Amino acid sequence: MKSKWLKTLSAAVALSVSTTALNAEELRVVTDPSFVPFEMMDPETEEMIGFDMEIIAEVADRAGFDYELNTMDFNGIIPALQTGNVDIAIAGITITEEREKIVDFSDPYYDSGLRILVRKNNDDIEKLEDLEGKKVGTKIGSTSYDFLTKELDDNDGVTPYPGSSDMYMALMSGNVDAVFYDAPNVGYFASTKGEGKVKTVGKLYEGQQYGIALKDGSEWVEDVNKALASMKEDGTYKDIYEKWFGEMPEEE
């Protein structure tokens, strides 16, 4: 009798779990396909890979939602959230007061900043002031573009590009004197495709924090934050971080 009751209970639990999985809400997630190593297309599988892609997969699993992933240019991401065309965005999005007025953000999940990149043989540019009057490539809709146009008196040479690969190509070909953009992306390029051809210079400017962006009023903010917190507590976040960026720096 006891055995039969346990079997019935097990079957009920299994049915409940199965029903929950089937009823998991599917959210529309969007990313920018050109922000390596946070998100990029794997040429062999034609699937999106990268630090952010592993973060959102783990967050979704822990928060309890399914998702459909799509890509778009970075400058279209916040408007897409604002209009409700997508539910969540993860693309190395810097948390700013201006953006927080129109979308919700998770707790920060990555500390970043802005960095200068020049050709290997360029010894004329070492700091932000050296960019005055120079041709500088950056990315459309990014905080790096806003920072340059605000901080440089002579900013006529600041050129926004639609994708990071475009501005790096412009630097390599000599069309711009420098690139000013998010430090992890600049550093990754310098150590991969740009190795021996370009170098990072100067300090880290305007310390920034990346957050997962959600449409305004989203019911998933708390669950996403809990998922991120648990990932950091059990070491999962550290494992993902060190896979893409090397040794994780100690917190101050």
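## A side chain in a loop

In this predicted model, the side chain of asparagine 122 comes to 3.3 Å from the backbone nitrogen of isoleucine 125. You'll find asparagine 122 in the loop that links E7 and E8.

Is asparagine 122 buried or exposed? Its relative accessibility is 13%, and since the cut-off for buried is under 20%, asparagine 122 counts as buried. Setting aside neighbours within four places in sequence, asparagine 122 is in contact with Asp177 and Lys199. Lysine 199 turns up again in strand E11, where it stands opposite valine 118.

## The sheet

Strand E7 covers residues 110-119 and runs antiparallel to E11, with 8 bridges joining the two. Both belong to an open sheet of 5 strands, ordered E9-E8-E10-E7-E11, and the pairing is mixed.

Which strands stand at the edges? They are E9 (158-161) and E11 (198-210); each has a single partner strand, so one side of each is left without a neighbour in the sheet. On average, neighbouring strands here are turned by 25° against each other, if you ignore direction.

## Helices on the sheet

Helix H6, residues 164-173, packs on the sheet and touches E7, E8 (136-139), E9, E10 (178-182) and E11. The direction of H6 makes about 155° with that of E10.

Helix H7, residues 183-191, packs on the sheet too, touching E7, E10 and E11. Its direction makes about 45° with that of E7.

Conventions
Residues numbered from 1 in each chain as written. Predicted model: local features only at pLDDT ≥ 70, side-chain atom pairs only at ≥ 80, totals over all residues. Heavy atoms only, no water. Pairing = 2+ DSSP bridges. Helix = DSSP H or I, 4+ residues; strand = E, 2+ residues; numbered from the N terminus. Axes fitted to C-alpha atoms, helices over the stretch in contact; angles between N-to-C directions. Contact = heavy atoms within 4.5 Å. Buried < 20%, exposed > 50% of the residue type's maximum accessible area, 1.4 Å probe, protein only. Polar contact = N/O pair within 3.5 Å; in protein donor to acceptor, adjacent residues only side chain to side chain.
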